[in-house]
Amino acid sequence: MSPGKILQPAVKTKVDELFLCWLSQPATQLTLKDCLRRIKNKKKTEFDNADSGNSKNESFTSKNSNSKQCILGDTRLPLSFSPPQLSTTLPLATPASSRNTSNVRSTRRSSGTKEVQTKKEETLPPSHSQNIPTFYFPRGCPKEKVNIDAVIAKIEKTFSEFPNERATLEDMGKVAKACECPLYWKGPLFYCAGGERTGYVSVHKFVAMWRKVLQTCYDDAAKFVHLLMNPGCNYLVQEDFIPFLQDVVNSHPGLSFLKEASEFHSRYITTVIQRIFYTVNRSWSGKITCNELRKSNFLQNVALLEEEPDINQLTEYFSYEHFYVIYCKFWELDTDHDLYIDRKDLARHNDYAISNRMIERIFSGAVTRGKKAQKDGKISYADFVWFLISEEDKKTPTSIEYWFRCMDLDGDGVLSMYELEYFYEEQCQKLDNLAIEPLPFEDCLCQMLDLVKPQHEGKITLHDLKQCKLTNVFFDTFFNIEKYLDHEQKDQFSMLRDGEGESQEVSDWEKYAAEEYDILVAEEAASDQWNDGYEAELNPVDHQKASVLKYQMEKRPFFEMPSHLADVDLDEYDYDEDFE
């Protein structure tokens, strides 16, 4: 253990978390207020009793002092006073005072004992502390008791239809319906029951597995995590989604054309996984918990896979057209086609629109996983997925966090005026090269502060940017020269009006992906006419593939890619490491 590093027990951390969760419950607040009121009233009663007790003590003290004065008066008698009279006087006073003192002391002890007993009797009954309702349900809140035996009987009846009561992966669709799960849970159900090892699942193994799930998991999020996670974990990492997505690729009618292009299964699966973590993993930990999955709309989209035959209609995670656009953009930058790009490659994106200082921040490890970006100066295709979505839609929470991490040079959680000026300097240089007079930084800063309206003067926080409706204008001003000029040509009031009244049904990313897809298809159609069937060696998109995306794919390679890329291998990304 490194010096100065303090290890905090995991149990204490969890207890603190549960205590805060309990303390924030409305019922707990009412109980505490009632207890405080009782304690306050009790103190007031004790104070009144103490006042009456003090008056009694004062009277006793006065009597005791009189007796003492009498004794002292006898001791100050003249010397002619004979000792025998002293002996007869003093013994009379001493036993009397001792009896009185002992009686008083005993009275005090008895009264004190009575008060203590009274306090014990008037304490709050233990029922108040025992009736705290359960408030923490990590595996879902049990709403009503499920008839597990009835569900198991239904599953056994379904298995009886299969030979030897054994179900293959193709049969798991019926089993999933018997379990009252969405159709495309069939892959996770099959693999969780051990079907990957034998190629089939027996009724006994499946019933034992599903009974345990029903007894320990009470909502869809907890069940889904249990089916996909590794033993001993309570979260999902990126590799856990591979079997599930591979089954979607193999069986969804909207992806049937990919059966003849298996070398691109891994790239599509990698893209979907990155989009899942981009949207669901709000903690940036690389681990999706039940709570994060519960708060997202991912499981709703999984259920829609059964209802929607057109995979491109599921634009948030599974759209093939979106994958097509992302991969083509990456292929244009990856000149050596090793699935990694360096700083020079990324600088060519969108005709050198991104500033070099921002590119340096991207490669610094602020928003990338693993250590390859810092060691070799390259980012992977998975990192590029995050970059492109964040670049084209700067209004989502994840994209705002992405660019905030890049602009926060010192990592103190705020954007200072120095950091803003650092990025704006390069923008001014680019404007000078274009023979455009740049706006002085002081004037630009005033505009941005009026736009964001930060809570604290002189610094912009992540919360301030998430409250702003024109974060794309803010970020583009400091590191995207092309989009900055586009915003300058627009009326500011019209931008504010568009930002306030903009429909949330279609995001900026969906608009960009639809436009780029149409452009790519049109370019390939024009290229096909001019080349008359000539296929460019390094062109990832051909006219055959454009028709493929319209579900008329011919049987030949999609992109000119080595066949060894067909294997899904996510080991190139160090997913277990948190973002620094």
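What share of contacts in the protein between residues at least 6 apart in sequence join residues at least 24 apart? The share is 65%, with contact meaning heavy atoms within 4.5 Å.

## Model and overall picture

This is a predicted model: local features need pLDDT of at least 70, side-chain atom pairs count only at pLDDT 80 or more, and totals for chains, interfaces and linings use all residues. Residues are numbered from 1 along each chain as its sequence is written, and side-chain values use heavy atoms, with hydrogens and water left out.

The protein has 28 helices and eight strands. These are DSSP runs, numbered from the N terminus (helices: H or I, at least four residues; strands: E, at least two). Of the 580 residues, 41% are buried. Buried means under 20% relative accessible area, exposed over 50%, and partly exposed in between (1.4 Å probe, protein chains only).

## E401

E401 sits in helix α20 (residues 397-407). E401 counts as buried because its relative accessibility is 8%.

The E401 side chain makes polar contacts with the side chains of R282 (2.6 Å) and W284 (2.6 Å). A polar contact is a pair of N or O atoms within 3.5 Å; within protein, one must be able to donate a hydrogen and the other to accept it, and residues adjacent in sequence count only if both atoms are side-chain atoms. Leaving aside residues up to four places away in sequence, E401 also touches L462 and K466.

## Helix α22

In α22, F441, C444, L445, M448, L451 and V452 are buried. They lie on the same side of α22, because they cover an arc of only 125° around the axis, taken from the directions from the helix axis to the C-beta atoms. The face turned away from the buried side carries exposed E442 and D450. Just after α22, K453 takes a positive phi of about 55°.
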